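Welcome to a short tour of one protein chain. Take a moment to look over the sequence and the model before reading on.

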Amino acid sequence: MTIRGIRRNGIARGAGAAIVLSVTAAALVSCGGSSPSPADPTVGATQPAARPVPTAAGVDPSISRDSEDGGKTVNLTLDDGPDPVWTPRFLDLLAKHHAKAVFCVLGPNAKAHPDLLGRIVDAGHRLCDHTVHHDTAMDKKPADYQAREILDAKDMIDQASGGRPIQYYRAPGGAFTPESRQIAAAHGMRPLGWNVDPSDYQRPGVDTIVTRVQQQLAKGPTVLLHDGGGNREQTFQALEKLLTWFDAQGYHYSFPKA
Ligand SMILES: [Zn+2]
C-alpha cells in the first residue's frame, strides 16, 4: 500500500519537546513485554506541561488516559484481538455487566474476523488501532515505517468494520513517538495510554491480576487488559471478578477522552 501524503504533512516535529519528562512505572511495563519508549517524552506522563495543538482532524495528539465522564469511573481497554475464541467470551461478559470497553485491535486480526468487529461496535464498544505487526520497537524506526504500521492497520480495520469510527490509536507496548501521535491524530485517532497495567499477558494468576488492578486504580481510570495474543483464561476470570467488584464499589463504565 502507498503512504498518503497527509502522513508527512500531519507530522509536527518537536511537538512534544516542551513536555516535561515524567515516566511512571506504568510506562515501563508494556503490553507484550517490550522495553519502554524513550523516544516520546510524554509516555507515562500523567500531566502534560503543555497541551499540544490539535491537528487538522481536530483530535488532540497527546496521550489520553482520563475519562470522558466525571465521578467514579473505570475505562476498560482490551488489546491484541479480536480473537475468535476469547473476544466473544469477553463481549458476553461485558454485556452481562452493562460494561463498555475499548478494543485495541491488530489490523490482520480485524481483517480475519470482520464479524467480531461488527459485534464489538454494535454492542457500543469502541475501536482502537493497535497497528499491523505489534512492533514494540516501532518508536525506534523511521516515521514512514510508523505511518505504515498505523495507517495500514486503519485500512484493514476500516474494511473489516465497514468504516465504523476508530476513535483511538495505541502504540504496541506504549511505543509512541511525537510523530506517531501526530499521524494518528491527523487521521482522527486519539493516542490512548493507560493508568493501570496488571501485566495480565504474563499470566501471573487470576487473583494477582485482580489485586493489581484494584491497587493501581488510584493512579487513574484506564485499565490495560488483553483479549488476544494467547490464552486469556486468567484475564477472563479476573475481569469477571473485577466487574462484580466495580459494580459493588459503585464504579461506572466510561471511555477515555477521544
Ligand atoms: Zn498490544
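Predicted model: local features only at pLDDT ≥ 70, side-chain atom pairs only at ≥ 80, totals over all residues.

What is the mean pLDDT of the chain, and what share of its residues reach 70 or more? The mean is 85, and 78% of the residues reach 70 or more; pLDDT is the predictor's confidence in each residue, from 0 to 100. Over residues 1-30 the pLDDT is below 50, and this stretch has 63 contacts in the model beyond near neighbours in sequence. Two residues are in contact if their C-beta atoms, placed from the backbone, lie within 7 Å. Residues 44-49 also stay under 50, and the model has 17 contacts for them beyond four places in sequence.

Residues are numbered from 1 along each chain as its sequence is written.

**The overall picture**

The chain has 9 helices and 7 strands. These are DSSP runs, numbered from the N terminus: H or I over at least four residues for helices, E over at least two for strands. Of the 258 residues in the chain, 53% are buried. A residue is buried if 20 or more other C-beta atoms lie within 10 Å of its own, exposed if 12 or fewer, and partly exposed in between. Among contacts between residues at least 6 apart in sequence, 78% join residues at least 24 apart.

In soluble globular proteins, nonpolar side chains tend to be buried together. Here the largest nonpolar core has 53 residues, and those touching the most other members include L76, C128 and I157. Helix α6 (residues 143-161) gives this core its largest share, 7 residues. Such a core is a set of buried Ala, Val, Leu, Ile, Met, Phe, Trp, Tyr and Cys residues joined through C-beta atoms within 7 Å. Leaving aside neighbours within four places in sequence, C128 has contacts that include V102, I166, Y168 and L192.

**A pair of helices**

Helix α6 also packs against helix α7 (residues 178-186), at an angle of about 40° and with the axes 10 Å apart. Angles under 35 degrees count as roughly parallel, over 145 as roughly antiparallel, 65 to 115 as roughly perpendicular and the rest as oblique, so α6 and α7 are oblique to each other. Where they meet, A143, Q146, A147 and I150 in α6 face E179, S180, I183 and A184 in α7.

Most residues other than glycine have a negative phi, and most peptide bonds are trans.

| Residue | Phi | C-beta neighbours within 10 Å |
|---|---|---|
| D80 | near 80° | 24 |
| T131 | near 75° | 27 |

D80 lies in strand β1, whereas T131 sits in the loop between β3 (126-129) and α6. Both count as buried. A cis peptide bond joins G81 and P82, with omega about -5°. P82 belongs to the loop between β1 (73-81) and α3 (86-96).

**One last stop**

Is A123 buried or partly exposed? A123 is partly exposed, because it has 14 other C-beta atoms within 10 Å. A123 is found in the loop between α5 (114-122) and β3, and beyond four places in sequence it is in contact with L91 and A95.

Conventions. Axes fitted to C-alpha atoms, helices over the stretch in contact; angles between N-to-C directions.
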